[in-house]
Amino acid sequence: MARKLDFYFDCSSPWTYLAFHAVQPMAQETAAEIVWKPILVGGVFNAVNQTVYESRAKPNPRKQAYSLKDMQDWARLYGLAIKFPPTIFPVNSVKCMRGAFVALDEDKLVPYATAAFEAYWGGDRDLSREDVLADIAQRAGIERQQFFAGIETASCKARLRANTDELIARGGFGSPTIFVGDEMFFGNDRMPLVRAALEAA
């Protein structure tokens, strides 16, 4: 049986941008298939992790300072640029994440998500804006009219809800969340553990 990992993600998370970058070469090196699972992380927070909002409203200054350093250390290691916080934060990523299913159906998920991550975290562009989404779709090779029609379909909306609910049911509480079999790993810094789990599978 081929090795497989489930990658639950929302492009509005900087740690997910880092993990998205790291998981692909690791999957190649371990001969593992990535099953991409777009979610709406705000839906997860609302259901099972509302303390996120409290910590944003009243951050611990020492922890916040270290977290910002940590993020930039990881970004530098991966050769990425991350502006944090971006001008619009948090951002409404609903349409962007529905668009991930349009991209999945066209076998263009990786270029689509790459363009979305880079637009928001590298380019400080608002993922909720139609012109930004149109540019992301174009960069992924998805025709504009097809994209905007697709994100309004009942199917895309239902699939996004289903993945979000599935992650909650599996014990998840944020993005990125990775499963190797039934074993859950949360966050970019768990990549060595994900690799070990894949190699043991």
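This briefing covers the sheet, the helix packing, a surface patch and the salt bridges of one predicted model. Residues are numbered from 1 along each chain as its sequence is written, and side-chain values use heavy atoms, with hydrogens and water left out. Because the model is predicted, local features need pLDDT of at least 70 and side-chain atom pairs count only at pLDDT 80 or more, while totals for chains, interfaces and linings use all residues. Helices (H or I, at least four residues) and strands (E, at least two) are DSSP runs, numbered from the N terminus.

**Sheet**

- Four strands form an open sheet with mixed pairing, in the order β2-β1-β3-β4; two strands pair if DSSP finds at least two bridges between them.
- The edge strands, each pairing on one side only, are β2 (32-38) and β4.
- From one strand to the next the twist averages 20°; axes are lines fitted to C-alpha atoms, for helices over the stretch in contact, and angles run from 0 to 180 degrees between N-to-C directions.
- Strand β1 (residues 3-9) runs parallel to β2 and is joined to it by seven bridges, with F9 opposite P38 in β2.
- Helix α5 packs on the sheet, where it touches β1 and β2, and its direction makes about 140° with that of β2; contact means heavy atoms within 4.5 Å.
- Strands β3 (residues 177-180) and β4 (residues 183-186) run antiparallel and are joined by four bridges, with T177 opposite F186 in β4.
- The hairpin of β3 and β4 has two residues between the strands, and G181 in the turn has a positive phi of about 65°.

**Helix α7 and buried positions**

- V132, L133, A134, D135, I136 and A137 are buried in helix α7 (residues 130-139); buried means under 20% relative accessible area, exposed over 50%, and partly exposed in between (1.4 Å probe, protein chains only).
- These buried residues of α7 pack against α5 (94-105), α6 (109-122) and α8 (144-150).
- S93 lies in the loop between α4 (61-78) and α5 and is buried at a relative accessible area of 3%.
- Not counting residues up to four places away in sequence, S93 touches D10, S12 and L40.

**Surface patch**

- V48, F173 and F186 make a nonpolar surface patch of about 230 Å².
- Patches are made of residues with over 30% relative accessible area and no salt bridge, with like charges joined within 9 Å and nonpolar side chains (Val, Leu, Ile, Met, Phe, Trp, Tyr) within 5 Å.
- Accessible areas come from the Shrake-Rupley method with a 1.4 Å probe; for residues, only the protein chains shown count as cover.
- V48 belongs to helix α2 (residues 41-48) and is partly exposed, with a relative accessible area of 44%.

**Salt bridges**

- The count comes to 14 salt bridges, each a side-chain nitrogen of Lys or Arg within 4 Å of a carboxyl oxygen of Asp or Glu.
- D73 and R76 form a salt bridge (2.6 Å, N to O); they are three residues apart in helix α4, so about one helical turn separates them.
- D73 is partly exposed at 26% relative accessible area, whereas R76 is exposed at 58%.
- R125 and D135 meet in a salt bridge (2.8 Å, N to O).
- R125 lies in the loop between α6 and α7 and D135 in helix α7, so this pair ties together parts 10 residues apart in sequence.
- R125 is partly exposed at 29% relative accessibility, while D135 is buried at 17%.
- D135 also meets R139 in a salt bridge (3.0 Å, N to O), both residues lying in helix α7, four residues apart.
- R139 is exposed, at 61% relative accessibility.
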